[in-house]
Amino acid sequence: MNDTAPSPQAAEAALTTADGRPLAVALAEAQSRARRRAFLLVLPLLAFVLITFVAPIGQLLYRSFYNPAFSDNMPALVQWFKENPAGTEPDEGAFAALASDLKGLRANKTAGIVGTRINYDLPGSRSLFTKSARKSKKLEPPYREALLAIDEDWADPLLWRVMRTASSPWTASFYLAALDRSRDAEGNIIRVPEERQVYIKLFVRTLLLSALITLTTLVLGFPVAYLLATLPLRHSNLLMIFVLLPFWTSLLVRTTSWIVLLQSQGVINDILVALGLIGEDGRIQMIYNQTGTIVAMTHILLPFMILPLYSVMRPIDPSYVRAARSLGASSWTAFRRIYLPQTVPGIAAGALLVFILAVGYYITPALVGGSTGQLISNLIAFHMQKSLNWSLAAALAALLLGGVLILYWLYDRLIGIDNLKLG
Amino acid sequence: MAGQADEAFVEFDRVQKSYDGVTLVVKDLNLAMPKGEFLTMLGPSGSGKTTCLMMLAGFETATNGEIRLGGEEINDIPPHRRGIGMVFQNYALFPHMTVNENLSFPLEVRGMGKDEREAKVKRALDMVQMGEFGNRRPAQLSGGQQQRIALARALVFDPELVLMDEPLGALDKQLREHMQYEIKHLHENLGITVVYVTHDQSEALTMSDRVAVFNDGVIQQLATPSDLYERPENSFVAQFIGENNKLAGKVRSVDGETVTVELPGGATCRALAVNVGEPGSETLVSIRPERVIIGAAEDANSAEARVEELIYLGDHIRCRLNVYGNDEFIVKLPNSGIASQGLSVGESTTISWKTEDARALDPL
C-alpha cells in the first residue's frame, strides 16, 4: 500500500498558498502575532517564577556541590596540594603553607569558617583550627614540630585527606554525608559509624510514611468522593463545603487541635479513661510520635485526594454501572471492573499530589511528630536554621527532589502523565 | 417453551411506584406480554414509562405490586440475576474497554471459557455488521456504530428479554429510521421479547407489535399500532398519536353505537360513541385530517369551513380551516396534479366526513 500512496512529505511540500509561499511558512507567519501576544501575557508570571523560585532553588542546589570556604581562605595549602599528588606525605613545605594560612585566618578572623567546613567531614576538627589560628602568631620553623606542639592531631592522615578534598570548592562530600557515607584516609567511600547513620533511615521513613499517608487518604477519601459525586447536587454542595472547610482554617490551628485531641491528657484519652476502656496509667501515646504525624497529615492532606477523585467521578455516568449490572455483574464486580478503572486518573492524580506534598511536609511533623515522627524536611530545616550547614541541607533537598522526580518519571511510564486529572 | 406461549412472559401486576412518598409516578400498572412480543412504552417525558422499564430491569424497586418474569416474581432479585439485556439511551459502552472486551464482559462474568466467548462475540458483531471493529475503543466509533455495539452487547449473552431505553434518541433522523428497521429485523430473526421505551410516536408505530401509551403514570391505551391510530379510546391517545382534529361539543343523544353531538353555533354532527357520558355532558369529537374531504358527500356529516392557510408540502397540501370557531382544523389534500382543488385563502367551502371516522371521546 505504501508504494502506491504518495508519501506525506511530498504531499506537504506540494501545498502552497495562492501566491506560491509554502503553506507551513504562511501558517507560522499568520500565527506569530497571536503567539507573541500570548507570550507577553505570561511574561510577568514567567519572570516572577524565574526570579523568586528557579533562581533561589538553583542557587541553593549549587551550594550542595560548591563550597569555597576552605579553598578561598587557605591559598598556600591549596597551592601545595596542587603541586603534590594525592598520597604524598605532608612535608615541611606543607606545614609551612599551613602555618602561613593559619596566620592569614587569624588576621582575617576566618578560622571559624574554615574549621566548620572541615568539621563537616571530620567532626571535632573545628577547635583544631580556631585554637591553632589563635596561637599562629608564635609559629616559627620548623613548622611541623611547632604545629604538632599545638595539637598532635595535625599529624592525622585523615585530616590531611579531608583538607585535600576541601581544597577544591567542588565537592561531593555533602552528598556522601547525606547518604551516611564518608571517605577514609585512603579515600575509599565507607559508611559512617552506626550511631551517626541518620539520613538514609530518615529518607526511608519519609517515603514509607508518605506512602502510608497516601494510602490512608485514598481509603478514607474514596467513599467521600463517591458520595459527593453521586448525591444530588443540593446535598453534595453542602458536603463539599465540609470537605473544603479545612482549607479555610489555618494549618497551625488544625495541627494544634490534633494535639488537643490526641495528647495523653487530651480529649480522646480522657474519654477512653472515663469509659473505663483504659486505666489512668494506661493512657495511649498518640502524639509526638509517628502516629501523630500520620493522623494529622492524613487529615490535612485529605482534601487533596478527595478533590481530584471527585472531579473524575462526577462525570462518570451511572448508566455504566447499571449496564454492567444488567449484563450480569454483581455490584462488586461492576465496581471493580467498570467503575474503578474509570476513576484511575483521579486516584493517580490524588495519590501523586498527596505523596509529593507529604514527602516535603514540614510544619505538621515538626509540631506533632516528636522524635520518631520527624521527616527529612525537618532535618533539612534543622541544617538550614540551626547547624547552618546549608550545603548539607541543599544536598538533602537535592536528593529529595531527585527522588520525587524519579517517582514522577515512573508514574509517567506506568500510568501516563496525560491521564492525570486534577480538576 | 411452546407451551408457555399463551402465558404472560412479562407481567406487571398492580404495580405502583413513588419516589417521595407523596406522589405516585406509576399508578396501578397492569400489563402482561407474551413471549416474543415487541412492546413499546410510549409517552411524554415524566409519564412513568422509563420508571417502569427501570423497575423491570431491577434498578428501581416497585413501591407496591408484583413484577413477574416467566411466571416468577422478580421484585427481590438483583439486576444481575435477572438475565435481562438492556440498551441504554447513551449506550453506556465501557470507555476503558475495546469493543471485543465490552461484548466479552457479560460472558466473562458468567464464567464462560475463552474460545466460546470469542465465538459468541464474533457472531454478535457479525449480526450487527460490525465484525471489523472489535479492537476499537467506543470513543473511536460514530454514534450509529456505538448504537450497534450496544445492541450486540445486550444480545450477546442470549437473553430472552431485552429492554431498550430510547436507544435511538441521539441519532440523526435518517440513521434513526434505518436502525428502527434493523432492530425490528433482529427482533423477528432472534425471536426475543423486547420492551422498548420511546417518546417518538412514529418510532413506536414502525417497530412494535403493541404500544402502551403512558400518561400521568397510567397506561392510557394498550393496542396494536393500527388500532391505536384508527381507534383511539380517549382524547389523550388521539392527540398524542398522529395528527387529529377535535371539535368540542355537548352530547345531545346517544343511540346505540352512535351519538349526536351539538357543536357550538347550534349545528350537530354524528360520531361513534367511544368514550362519552350521559346526554348533556361535554365531549370532544376527533377526526383524522386525511379522513375529511372537501365538498359535500352522501350519507355523511358536513360543515361550513373557511380556508385560513394553504401549505404546499410536495406530496400533499395542508389546508388549515376554520370550522365552528376552531381555526386549527386541518385537512390533507393529496397532490393529484390538480392545483389544490381550486381553493384559495379566505374562501368558504363545505367539508364532510363519515360518521364512523368521527369518534366522540372524553373532554380533555
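Predicted model: local features only at pLDDT ≥ 70, side-chain atom pairs only at ≥ 80, totals over all residues.
## Exercise 1: The interface of chain A and chain B

**Solution.** 

Step 1. A:R322, A:L327 and A:R337 supply 37% of the area that chain A buries against chain B. That is more than any other three residues.

Step 2. Count the charged links. There are two salt bridges between chain A and chain B. In one salt bridge, the side chain of A:R322 meets that of B:E60, at 3.8 Å from N to O. The cut-off is 4 Å, so this pair qualifies.

Step 3. Six residue pairs are in polar contact across the interface of chain A and chain B.

## Exercise 2: Domain 2 and domain 3 of chain A

Work out how domain 2 of chain A meets domain 3 of chain A.

**Solution.** 

Step 1. Chain A is divided into domain 1 (8-63), domain 2 (69-195) and domain 3 (199-419).

Step 2. Take the spacing. Over C-alpha atoms, the centres of domain 2 and domain 3 of chain A are 47 Å apart.

Step 3. Count the contacts. Eight residues of domain 2 of chain A touch 12 residues of domain 3 of chain A.

Step 4. Take the area. These two domains of chain A bury about 870 Å² between them, with 68% on carbon and sulfur atoms. A:F174, A:Y175 and A:A178 supply 50% of the area that domain 2 buries against domain 3, more than any other three residues.

Step 5. Check the polar links. Zero salt bridges are found between domain 2 and domain 3 of chain A. Two residue pairs are in polar contact there.

Step 6. Describe the domain 2 side. Helix α10 (residues 173-178) of chain A gives the most to this side, with four residues. By class, the side of domain 2 that touches domain 3 has six nonpolar, no polar and two charged residues.

## Exercise 3: A:S391

Decide whether A:S391 is buried or exposed, and list what surrounds this residue.

**Solution.** 

Step 1. Locate the residue. A:S391 is in helix α20 (residues 390-414) of chain A.

Step 2. Apply the cut-off. A:S391 has 5% relative accessibility. Buried means under 20%, so A:S391 counts as buried.

Step 3. List the neighbours. Leaving out residues up to four places away in sequence, A:S391 touches A:R63, A:S64, A:N67 and A:F174.

Step 4. A polar atom of the A:S391 side chain lies 2.9 Å from the backbone oxygen of A:R63.

## Exercise 4: The build of chain B

Summarise chain B by secondary structure, span, burial and contact range.

**Solution.** 

Step 1. Count the elements. Chain B has eight helices and 20 strands.

Step 2. Take the span. Along its principal axes, the C-alpha trace of chain B spans about 75 × 50 × 40 Å.

Step 3. Take the burial. Chain B has 364 residues, and 48% of them count as buried.

Step 4. Look at contact range. Consider contacts in chain B between residues at least 6 apart in sequence: 67% join residues at least 24 apart.

Notes:
Residues numbered from 1 in each chain as written. Chains lettered and ligands numbered in written order. Heavy atoms only, no water. Buried area = accessible area lost by both parts, 1.4 Å probe. Polar contact = N/O pair within 3.5 Å; in protein donor to acceptor, adjacent residues only side chain to side chain. Domains from an automatic or database assignment. Contact = heavy atoms within 4.5 Å. Helix = DSSP H or I, 4+ residues; strand = E, 2+ residues; numbered from the N terminus. Nonpolar A, V, L, I, M, F, W, Y, C, P; charged D, E, K, R; others polar. Buried < 20%, exposed > 50% of the residue type's maximum accessible area, 1.4 Å probe, protein only.
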